[in-house]
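Take a look at it first, then read on.

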Amino acid sequence: MLRGSSGFYTYVVYERPAGWPGFVLTNTRLAFKLNKIWFRYMAVADSRQRDMPLPDDRLPERCQVLAYPEAVLLTNPIEEEFKGEVDDKYQYSGESKDIRVHGWICKDPSVGLWQITPSNEFRSSGPLKQYLTSHVGPTSLSVLLSTHYSGEELMAKFVDGEPWKKVLGPLYVYVNSVPDAKDWPSLWGKAKEQMMVEAESWPYDFPASDDYLSADHRGCLRGRLVVYERYYKKKSTATNASIGLAAIGEAGSWQRDSKGYQFWVSTDEEGAFSIRNVLPGNYNLYAFVPGFIGDYRCDIDVGDLVYEPPRNGSTLWEIGVPDRSAAEFYIPDPDPKYINKLYVRKQRYRQYGLWDRYTDLYPKQDLIYTCNVSDYSQDWFFAQVNRKVNGTYYEGTTWQIRFNLDNVIATGSYYLRLALASAHYANLDVRVNNSEDPPIFSTGQIGKDNAIARHGIHGLYFLYNVEIQGSKLVQGSNTIYLTQSLGLSPWRGILYDYIRLESPSS
């Protein structure tokens, strides 16, 4: 605690000395359970705040447990306004970059309690990793290591004898108040202002641990990132790209790193970036750019950096927007029995039970998308999930992409770019012009991020570059079949980010 500070700081140093036995670390979090009578209003973001049900409303006599224990339908809540709503803690998750402050408000007397994360350097998996925040309890969480929306790939797995040390935090637990109860809404704005103060003060100069390094023991990297599309001989600015330092690895390996520190920023409109307060260590520089598929990686460098995204030929057709999210696709209305009023208009993918809406919309025949006719915002369901059959079991689905080609180069290689925003115990088979042929490509079983069940519009990112021999295509009408073949569960499936077919390079 600091004199004059309306809160307290907390951090932990995790250490494994050399020689210790193997161990798996799955989750780490700072949790508070608040007084349920006082703290009834929760705020996670400007557009995600509301009065919340009581924890008593989740008792067996007051609710119906839905497909998993975290989700309940409030059938007999203490307060009538919540009757008929779904309560599910996963509906309030958020991306690491967006949950720097969240918490609870007591309206009278007007007091707020907030968890502030001044830096994400100690969190795993980069700026898009999704974490739990606050939920009914009233519970307030700061999650620092988590397998949610990623699966066991984000477990920190240590072999026998492997040494490791990491400082998690400090976090700031902030309390604010206003004298007039009518001004309670201003507590959220004041909490955001305090978050900015804490971020600008990072790294702190007061932690006593020798393992927490102050600013004069840290470094800075500056540069500029541009995108060069070799096929088009076109250079463009990498505007609003995410660029960061993470443990040495392959392109994209940062999103599966759970042991090291990561330092991420966004580029400006000219592609320039400055990564400050970097801890000593061995890193690669990584980036991903909105509007382009794939991942950039290089050894540490300065000056102008050039990312060449995957491309072999011109675009014949494309579906979606390459942004590592399925948010641009069709999000159905939820079953009216399972509503969360917060998400009626915005972020509708957070509603419960959308996976079964696919069966309602496609009870017999799977999705068919016709290029240059269909609209992906209306005709491409946001998740390729399984169909519920006879109300008892789930079977895999096959989607069709239909398109015309005026000419075909029979001896050329066409490329199908499949960017996936998420996968959960899925297997994707690709066939061309005959749904009964053996697949020309199969992912094998991929993904364990459970983003579909947990209302995430993305999980871990996958990119597949599928070569299609020109002899497989015909002049005129063609069909690509995308089969997610693993059934049994409503949550096995795929969230697509973006799909593109390219002509041969010649």
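Is R58 buried, partly exposed or exposed, and why? R58 counts as partly exposed, because its relative accessibility is 27%. Keep that residue in mind, as it comes back further down.

## The chain as a whole

First, a heads-up: this is a predicted model. The chain's secondary structure comes to three helices and 37 strands. Its radius of gyration is 24 Å, close to the 23 Å that the globule rule gives for 506 residues, so the chain is as compact as a globular protein of that length. If you follow the C-alpha trace along its principal axes, it spans about 75 × 60 × 50 Å.

How much of the chain is tucked away? Of its 506 residues, 56% count as buried. And if you take the contacts with a separation of 6 or more, 74% of them come from residues 24 or more positions apart.

## A strand with two partners

Let's zoom in on strand β4, which covers residues 41-45. This strand is mostly covered, with five of its five residues buried. On one hand, β4 pairs with strand β5 (residues 48-51): the two run antiparallel and four bridges join them. Together β4 and β5 make a hairpin, with two residues between them.

## Opposite charges

Side chains of opposite charge can pair when their charged atoms come close. In this structure you can find 26 salt bridges.

Now back to R58. Its side chain meets that of D87 in a salt bridge, at 2.6 Å from N to O. D87 belongs to strand β8 and R58 to the loop between β5 and β6 (63-65), so the pair ties together parts that are 29 residues apart in sequence. R58 is partly exposed, but D87 counts as buried because its relative accessibility is 4%, and buried means under 20%.

Another salt bridge links K165 and E15, with 3.6 Å between the closest N and O atoms. K165 is in strand β16 and E15 in strand β1, so the pair ties together parts that are 150 residues apart in sequence. Both ends are partly exposed: K165 has a relative accessibility of 37%, and E15 has 45%. E15 and K165 also belong to a network of salt bridges that includes D211.

## Rings that meet

Which kind of aromatic pair do Y9 and Y172 form? By the counting rule used here, there are 38 aromatic pairs. The pair of Y9 and Y172 is stacked, at 4.3 Å centre to centre with 20° between the planes. Y9 lies in strand β1 (residues 7-16) and Y172 in strand β16 (residues 164-177), so the pair ties together parts that are 163 residues apart in sequence.

F122 and W202 make a tilted pair, with 6.3 Å centre to centre and 55° between the planes. F122 lies in the loop between β11 (111-116) and β12 (130-131), and W202 in the loop between α1 (186-200) and β17 (219-229), so this pair ties together parts that are 80 residues apart in sequence. F122 is buried at 0% relative accessibility, and W202 is buried at 9%.

## Clusters and charges over rings

Rings can also be grouped here: one aromatic cluster includes F329, Y358, W380 and Y496 among its members.

The charged end of K129 is over the ring of Y131, 4.3 Å from its centre. K166 lies over the face of Y261, at 5.6 Å from the ring centre.

Methods. Residues numbered from 1 in each chain as written. Predicted model: local features only at pLDDT ≥ 70, side-chain atom pairs only at ≥ 80, totals over all residues. Heavy atoms only, no water. Buried < 20%, exposed > 50% of the residue type's maximum accessible area, 1.4 Å probe, protein only. Pairing = 2+ DSSP bridges. Phe/Tyr/Trp six-rings, centres within 6.5 Å; stacked < 30°, edge-to-face > 60°. Lys NZ or Arg CZ within 6 Å of the ring centre and 35° of its normal. Salt bridge = Lys/Arg side-chain N within 4 Å of Asp/Glu carboxyl O. Rg over C-alpha atoms; globule rule 2.2 N^0.38 Å. Contact = heavy atoms within 4.5 Å.
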